[in-house]
Amino acid sequence: MRYAIGVEYNGENYFGWQRQRDVVSVQQRLEEALSHIANEPIEVVCAGRTDTGVNATNQIVHFDCNKPRKHVAWTQGTNSKLPKDIAVKWVTEVDESFHARFSATARRYRYIIYNGPLRPAIMANGLSFCHYPLDETLMHQAAQVLVGENNFDSFRTVHCQANSPIRTVKHCNVSRQGDFVIIDIKANAFLHHMVRNIAGSLMKVGKKERPIEWIAQVLAAQDRTVAGMTAPSGGLYFVDVDYPEQYALPTYSLGPLFIPE
């Protein structure tokens with residue numbers, strides 16, 4: 001039987017999603033907990049691998065199990081075996097054609113910046129921080145050049161292993177709620193550090209260090225060295241995945257916390 005689950009995690013204490021030797025990952029902890037409930041080894045596949053320190057409010061995962069279990073076992077039972085910074089939010093049966101990664105048609109991230117004169121204490125590790133005033137309107141205007149199919153070489157790490165830098169961005173919106181500036185971006189797929197590099201560049205526009213037109217120039221350059229810094233990982237959240245309607249996966253608040261749909 002194949003199951004899909006929605007997983008939430010605080011990435012602060014993990015070396016990213018993917019299981020690795022000698023370091024602790026989210027995948028490792030989740031597989032250990034699920035295997036305990038299944039009483040057999042469980043291997044999981046996720047919709048989008050996240051880097052060290054990156055968070056998720058709705059990571060989608062699938063796994064196969066030979067022994068059926070009640071939903072309460074996969075949710076409450078698994079959560080009882082997980083550390084407090086990882087939680088299963090829902091579970092549903094899916095047919096064998098469903099694949100958490102390859103069935104996905106789009107992924108969505110939110111980057112959260114605390115924009116105030118002094119650093120925050122609450123959620124300090126779950127936010128980026130900029131004490132210079134940011135103009136979110138300028139950031140939003142600049143971000144619109146990223147929408148559509150483009151070459152994102154300027155916004156990926158030199159260590160990115162993707163075969164092609166071409167990605168299709170569905171939207172890239174920047175808004176403010178009080179002292180919080182939110183960058184909300186959705187694309188068919190993302191390159192390594194793509195969202196954090198976009199965030200770092202948009203902040204330069206928000207601080208008025210660069211004009212709105214600069215983002216278009218950076219995109220056209222196809223050169224990582226001309227873009228802004230890589231923004232810190234703590235402010236990044238993997239929040240949603242699109243799938244064909246036939247799979248009818250449960251819906252869940254995107255988050256994090258106060259951010260509306």
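The second largest pocket of this predicted model has a volume of about 300 Å³. Its lining is made of 18 residues, and if you want to find the centre on screen, look for Glu8, Met123, Tyr237, Pro256 and Leu257, which are the closest to it. Two elements, strand E1 (2-9) and strand E3 (55-64), each give two or more residues to this lining. Of these, E3 gives the most, with three residues.

As for its place in the fold, domain 1 (2-103) and domain 2 (106-237) both contribute to the lining, so the second largest pocket lies between them.

Now let us turn to the largest pocket, whose volume is about 1,100 Å³. Here 35 residues form the lining, and those nearest the centre are Gly48, Arg49, Thr50, Asp51 and Phe190. Which elements each supply at least two residues of this lining? They are strand E2 (44-46), strand E5 (106-114), helix H4 (194-206) and strand E10 (236-242).

The lining of the largest pocket splits into 18 nonpolar, 11 polar and six charged residues. Why does the largest pocket lie between domain 1 (2-103) and domain 2 (106-237)? Both domains give residues to its lining, and that is the reason for placing the largest pocket between them.

How values were computed. Residues are numbered from 1 along each chain as its sequence is written. This is a predicted model: local features need pLDDT of at least 70, side-chain atom pairs count only at pLDDT 80 or more; totals for chains, interfaces and linings use all residues. Side-chain values use heavy atoms; hydrogens and water are left out. On a 1 Å grid over the protein atoms alone, a cavity is a set of points where a 1.4 Å probe fits but cannot get out, and a pocket is an open set with protein on both sides within 12 Å along at least five of seven lines; lining residues have an atom within 4 Å of a point. Grid points are joined across faces, edges and corners, and a volume is the space filled by probe spheres set on the points. Helices (H or I, at least four residues) and strands (E, at least two) are DSSP runs, numbered from the N terminus. Ala, Val, Leu, Ile, Met, Phe, Trp, Tyr, Cys and Pro count as nonpolar, Asp, Glu, Lys and Arg as charged, and the others, Gly among them, as polar. Domain bounds come from an automatic or database domain assignment.
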